[in-house]
Amino acid sequence: MSLYAIGDLHLHFQSVLKAPGQLHGRVWKHHEEKFRTNCGKMLTEQDTLVLVSDHSWGKNLAECEQDLQYICDLPGRKILTRGNHDMFWDAKKTAQLNELYQPRLTFLQDSYETYQDYALVGTKGFTFEGPFYLDGRRRIIGWDEEAEQHAKKLVERELVRLRRSFELAKAGGYRRYILFLHYPPTNILEERSGFTDLAEEYGAEQVIYAHCHGESRFYDSIHGEYRGRTYRLVSGDFLKWKPLRILD
Ligand SMILES: [Fe+2]
Ligand SMILES: [Fe+2]
């Protein structure tokens, strides 16, 4: 029995890609087949797979049905978190989604799920991603300050949601946590953030994140040990469509 994670499947069985340029290169060719084959080899029905957001390009639930069915058909228990491309998922209507797909899928939002003696908490997160202004040597010399102010508000909202999730898990008696974010915990300007601070405050052992896909973005944030926690990027193309084992 193991806990696995992967993110950014960006399935599009029914929908037309809105930004196909983001998903180019050999790694994306028939990626849904590669991932299904790898899951078939690696996962059993006793395993848990956390899908760290950006599941589908569909812009509403009707356009995502085949994508979600594909996820239902993967082996094991499946827990989904919300990303910036998951237009089918209104955070306030998470209960309806869970009702519709239970027991096949679990949609995690403002709550927690359990794995052994761990609480799994997750939220979309957010971080300021620019635009940054570069000089001739590609060094950052400035950024869009209005966009930065807007990002700060979104970060604050996500931090409130995350703290609520940790508190619910704590009230449920859990003391060991794995934190799942869709956005990276820090951006290229930051060494730490509200998200790394909350991970430390509650003692999350691992911080799992996605969103950074395409080789140029793989190292935008923290990898490995940092201030007592382990940070892991699980974007599907980074993992070459093999889910990453998080816990045994
Ligand atoms: Fe993505
Ligand atoms: Fe994303």
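Predicted model: local features only at pLDDT ≥ 70, side-chain atom pairs only at ≥ 80, totals over all residues.
Residues are numbered from 1 along each chain as its sequence is written, while chains are lettered from A and ligands numbered from 1 in the order in which they are written.

The protein chain contains 5 helices and 13 strands; these are DSSP runs numbered from the N terminus, helices being H or I of at least four residues and strands E of at least two. Its radius of gyration is 17 Å, close to the 18 Å that the globule rule gives for 248 residues, so the chain is as compact as a globular protein of that length. Here the radius is taken over C-alpha atoms, and the rule is 2.2 Å times the number of residues to the power 0.38. Along the principal axes, the C-alpha atoms of the protein chain fill a box of roughly 50 × 45 × 30 Å. Two residues are in contact if their C-beta atoms, placed from the backbone, lie within 7 Å. Among contacts between residues at least 6 apart in sequence, 79% join residues at least 24 apart.

One open sheet has 5 strands in the order E4-E3-E2-E1-E13, with mixed pairing; two strands pair if DSSP finds at least two bridges between them. Its edges are strand E4 (105–107) and strand E13 (244–247), each of which pairs on one side only. On average, neighbouring strands of this sheet are turned by 30° against each other, direction ignored; the axes are lines fitted to C-alpha atoms, for helices over the stretch in contact, and angles run from 0 to 180 degrees between N-to-C directions. Within the sheet, strand E2 (residues 48–51) and strand E3 (residues 77–80) are parallel and share 4 bridges. Leucine 51 has leucine 80 of E3 as its bridge partner.

The opening pair belongs to another set of strands. E6 and E9 pair in the parallel sense over 6 bridges, and leucine 120 stands opposite isoleucine 178 in E9. On to strand E10 (residues 206–209), E9 is joined by 3 bridges, again in parallel. The chain crosses from E9 through H5 to E10 in a right-handed β-α-β crossover; right-handed means that, with the strands pointing away from the viewer, the path from the first strand over the helix to the second runs clockwise. Of the 6 residues of E9, 5 are buried, so this strand is largely enclosed by the rest of the structure.

Helix H4 (residues 145–171) also meets this region. Its 27 residues reach 39 Å from first C-alpha to last, close to the 39 Å expected at 1.5 Å a residue, where the expected span is 1.5 Å times one less than the number of residues. Glu158, Leu162, Ser165, Phe166 and Ala169 of H4 are buried. An α-helix has 3.6 residues a turn, so residues three or four places apart point the same way. The cover over the buried residues of H4 includes strand E5 (112–115), strand E6 (118–123), strand E9 (176–181) and helix H5 (194–202). Just after H4, glycine 173 adopts a positive phi of about 95°.

Several loop residues complete the picture. Alanine 210, in the loop between E10 and strand E11 (224–226), counts as buried because it has 29 C-beta neighbours inside 10 Å. Leaving aside neighbours within four places in sequence, its contacts include Asp8, Asp54 and His182. Aspartate 8 lies in the loop between strand E1 (3–6) and helix H1 (31–42), and its phi is near 60°, a positive value in a residue other than glycine. Aspartate 54, in the loop between E2 and helix H2 (65–72), likewise has a positive phi, of about 50°. Both are buried: aspartate 8 has 25 other C-beta atoms within 10 Å, and aspartate 54 has 24.

How values were computed:
Buried ≥ 20, exposed ≤ 12 C-beta atoms within 10 Å, placed from the backbone.
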